[in-house]
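Visitor: Could you take one residue here and walk me through its surroundings, then zoom out to the contacts between chains?

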Amino acid sequence: MFALVLVPFLVEAVGVFWPAFQGISLSFLHWNGIGPATPVGVKNYVDLFSDPIFLTALKNTAIWIVLFGGISFAAGLGVALLFQSERRGVGIYRTALFLPIVFSLVVTALIWGAFFQPNGVLNNVLDAVGLHSWTHVWLGDSSTALYAVIVAALWREIGYVMVLFIAGLKALDPAVQEAARVDGATAWQRFWHVTMPQLRSVNLVVLSVLIIDSLRSFDIVWAMTRGGPYHSTELLSTYMFSTAFGSHALGYASAIAVVIFVLAIAVIVSYLVRALSEEKEA
Amino acid sequence: MTRKTTRWLTALGSAIAATALLAGCVSTSGEAQQAKSGPDASGPLILQSRFTDAEKGGLDKLVKDFNAKGEGQVKVNTIPTTTFNQQLPSYLTAKNPPDVYTWYAGQATRDFADQNLLLDLSSVWKDHGSDFPSSLKSLSQDSSGKQVFVPTGYYWWGVYYFKSDFQKLGITPPKTWDEFLADAAKIKGQGVTPFTAGLSDNAWLASAWFDYLDLRINGADFHLKLLSGKEKYDSPQVRKVMAAFKQVLPYFDPAVLGTTQNQAMSDFSQGKVAMYLLGAWAQPSVPADKQSDLGFFQFPTIDPSVPVAEEGPTDGFIASVKTDKPNLTKKFLDYVASPQAQTDLAASQQGTYLPANSKASLNLDALSKQGKDMLQSAKQVTQFYNRDAGDAQQTPADTALTSFIAHPENLDQILKDWDAASAKIRATS
Amino acid sequence: MTATAAQTRTAGARPVTAVRRRSRRRTAATVGFHTTGILISLAWFAPILVVVVTSFRTFDDISANGIASLPHTFTLGTYAQAWNQGGLFQALVNSMIVTVPTVILTLLFSAAAAFGLSRYKVPFRRTILLMMLAGNLLPVQMLLIPVARLTQQLNVYDTLGALVAVQVAFGIGFYTFVLYGFMRTIPHELQEAATLDGASTTRIFLQVILPLTRPALAALGALSFTWVFNDLLWSITLLQTSEKLPITAAVLSLQGEYVSSWSVIAAATVVAAVPSTIVFLLFQRSFIGGLALGSVK
């Protein structure tokens with residue numbers, strides 16, 4: 001019986017935990033990947049917090065979590081509410097929203113890049129409706145680049161969140177909804193006072209997944225801007241990648257990775273402890 | 001189990017984990033780097049290639065011809081280029097690394113040579129050394145003077161334009177900096193953008209401008225010293241370079257920082273942009289019907305007293321010192337250095353590649369001939385920013401140059417930051 | 001008219017107008033629903049449509065006119081080129097060889113672990129669960145080199161089997177966590193009844209719990225398939241021989257260092273997206289039903 005748990009745990013221990021220890025120990029070294037490594041104690045961490053690029057990446061990651069996470073959550077919930085019932089055509093709508101996840105990033109990044117070009121689709125549309133003052137060099141302007149990339153990332157994430165929420169909504173008791181409607185509650189009241197409380201655990205799952213995905217967001221940013229222009233779209237994940245494989249400073253990159261990990265743990269642990277202690281009561 | 005036993009077990013587990021931690025550290029140091037002596041192991045020679053599918057035709061022919069000679073078998077692994085660049089350190093430090101690799105010359109190779117990861121190829125150079133220009137010989141050496149690189153070819157950089165567009169605009173290719181700026185002003189006055197670059201996803205293109213301005217103003221010696229960290233960016237020489245760059249900035253597409261390479265090339269091909277500082281590799285991305293209209297001129301001289309230097313990035317092969325087939329490796333690289341092989345490799349590059357072996361038979365079109373003459377008449381040949389300075393230095397350069405393009409008034413801070421970032425990378429890698 | 005008669009008349013009138021009003025509202029609602037749905041779907045599908053359209057254009061068309069322009073040409077040659085030049089067939093086979101066993105093994109292990117943790121009083125239950133999930137929170141890039149070293153030391157470097165093992169190890173944490181949540185909702189009585197009948201743990205697991213978890217397993221199967229199929233980093237870190245590379249790397253190899261034929265790459269991307277799309281469509285219904293029971297307490 002213990003084998004049921006022990007075997008998978010051991011598999012994860014060997015495949016994940018052991019390399020993780022090594023990864024963490026790398027953060028106490030200076031290593032370029034080809035020569036011998038030099039132990040430097042906590043110097044990497046000290047350097048991190050005086051590194052302006054790291055601090056920019058930290059700030060950008062915070063913005064990313066709030067915007068990317070927040071909008072994914074709200075929009076995902078919105079389309080989930082819209083497409084939750086099994087009526088005609090809803091399968092097509094759901095598939096359209098989920099398809100971005102299945103398509104490789106290299107090409108979709110190219111398309112989004114074209115969308116944001118100075119003479120690309122977005123600026124042309126803005127010009128056509130007379131909003132010329134709103135046109136920007138989206139990917140070249142440090143004040144807009146991050147938000148442009150967030151739009152592309154949202155395009156991929158909202159479908160995934162939608163699916164999670166539809167799953168949650170399907171498990172709700174329709175009788176409670178009906179009772180509220182008969183009582184004369186408006187749609188908004190029903191949503192806020194009946195649906196949302198019932199979705200509490202789903203909300204927590206989705207929020208955790210979004211935090212994890214935000215911290216892991218790398219591909220779309222790298223493909224579109226490589227963290228530029230001059231680090232205005234640099235996230236912790238892209239900075240870690242560029243220090244590891246661009247600057248060949250693997251120890252420093254590992255330190256950044258540890259910071260990401262600690263941030264993720266800090267957020268998730270609070271949720272997990274709460275969820276698991278709820279179960280103890282259940 | 002009692003609580004106490006549990007706690008003991010946990011402590012024990014942690015101790016084991018700690019040991020594992022220390023044991024894990026050991027794997028970062030490389031294994032013994034001694035070249036193997038004695039007969040070769042059996043099995044084919046593994047060649048890790050970064051050629052894309054479009055370019056690998058020549059390499060395939062080369063390998064086929066070598067395999068047919070009967071001296072041994074070579075197997076090619078074609079790896080996506082970005083993957084190859086990232087993984088090369090891992091390949092070279094693996095337990096059983098591939099034997100031969102396509103790579104490029106400069107600091108990029110010296111980095112590996114300094115860690116004793118590369119096979120000594122002096123014997124190949126002894127046999128064929130006379131076929132190669134002497135500049136290539138010194139380029140292929142590591143810091144101790146032995147050759148570790150077999151060059152196969154190089155290409156050129158130039159300011160590209162379309163001949164019919166220039167005719168329409170009434171421009172002839174400029175030779176000096178003043179003519180260059182005057183031409184740009186004339187072009188801009190007619191409503192055409194003089195310059196662009198795909199900096200939003202290829203920020204390193206800005207380094208081409210930096211390199212050439214530095215070569216023309218300060219000369220190749222200073223340039224190479226700067227890139228290897230012996231000179232500072234916050235110096236009067238570099239300030240002169242940035243001042244010249246500032247002169248040309250008004251003639252760039254104002255949205256250059258947000259333009260993708262794809263967009264920039266199509267703007268150039270459509271005539272919306274008149275000139276583009278590019279390497280020869282860009283020639284195939286011009287539509288077929290405009291290829292014959294394409295031309296380039298040498299980057300104009302700024303200071304006539306500075307000897308003319310050109311960028312001629314050189315590609316070639318390196319070998320791992322840990323190969324268990326050193327004899328076959330050398331035989332293969334011997335073949336690679338031969339005129340026949342060099343011709344084959346160059347032939348598949350659509351006229352953008354000049355073979356390194358001067359005895360290779362050449363079928364040069366007009367542009368290749370112009371490129372070859374330009375490089376041969378140059379007093380010194382450098383490799384390009386990332387190949388001379390090391391790949392790790394490219395990121396601070398991109399940051400500095402794009403910041404400058406956006407805010408040239410921040411020059412002081414930009415140069416200070418560049419020095420700091422560059423030094424930091426040198427220290428940590 | 002008396003008040004009662006007036007009341008009766010209005011009482012009779014309400015149903016008719018109310019019904020007409022409700023059905024008009026319903027039609028309006030349906031029209032509104034489908035309009036919104038179509039608009040959203042179009043907006044979402046637009047980039048993918050551009051990818052598909054791009055895959056039918058020639059190289060010269062794109063280099064002359066840019067990606068975002070209307071197509072000037074139509075060709076199927078890009079698909080042929082992608083298939084042959086990119087070695088897509090071998091790459092697709094490799095991707096399937098890696099993805100299918102990974103999904104099966106991951107779900108098997110996760111279900112077993114979730115079963116053990118949810119049904120039995122395993123000591124340190126919370127810690128184990130937390131640790132397993134924590135494994136999924138680690139940035140993958142940090143682990144690439146240590147894992148590569150590990151596979152080299154074990155002499156399984158550059159094998160598809162090692163890739164499967166690593167992907168399984170990485171998936172276990174998250175899926176155990178979700179399945180754990182689901183299995184908690186299965187009533188204990190079923191298990192007690194089976195134990196009374198003399199069934200062993202394995203039998204309970206295989207014949208009672210697994211069938212009840214099937215919707216969740218289908219859901220996670222589709223998700224896991226998509227993630228593993230689209231993985232790039234692990235494959236390029238652990239594989240060295242080009243014949244073993246999966247489809248994601250094959251699509252990447254069509255990209256030149258400086259110049260890329262975007263239409264060929266788009267064609268390859270479309271081909272690469274087909275298996276995951278099929279899996280998603282197949283599992284869609286059970287996908288949605290399954291995850292539901294896992295998240296709500």
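Predicted model: local features only at pLDDT ≥ 70, side-chain atom pairs only at ≥ 80, totals over all residues.

Guide: Residues are numbered from 1 along each chain as its sequence is written, chains are lettered from A and ligands numbered from 1 in the order in which they are written, and side-chain values use heavy atoms, leaving out hydrogens and water.

C:S55 sits in the loop between α1 (3–54) and α2 (59–65) of chain C; helices are DSSP runs (H or I, at least four residues) numbered from the N terminus. Leaving aside neighbours within four places in sequence, C:S55 is in contact with C:T75, C:T78, C:Y79, C:S263, C:A266, C:A267 and C:V270, contact meaning heavy atoms within 4.5 Å. With C:Y79 there's also a side-chain to side-chain polar contact at 2.9 Å (a pair of N or O atoms within 3.5 Å; within protein, one must be able to donate a hydrogen and the other to accept it, and residues adjacent in sequence count only if both atoms are side-chain atoms).

Now the zoom-out: 82 residues of chain C are in contact with 83 residues of chain A. Across that interface, the rule finds three residue pairs in polar contact, both at pLDDT 80 or more. Among the elements of chain C that each supply at least two residues to the side touching chain A are α1 and α13 (262–295).
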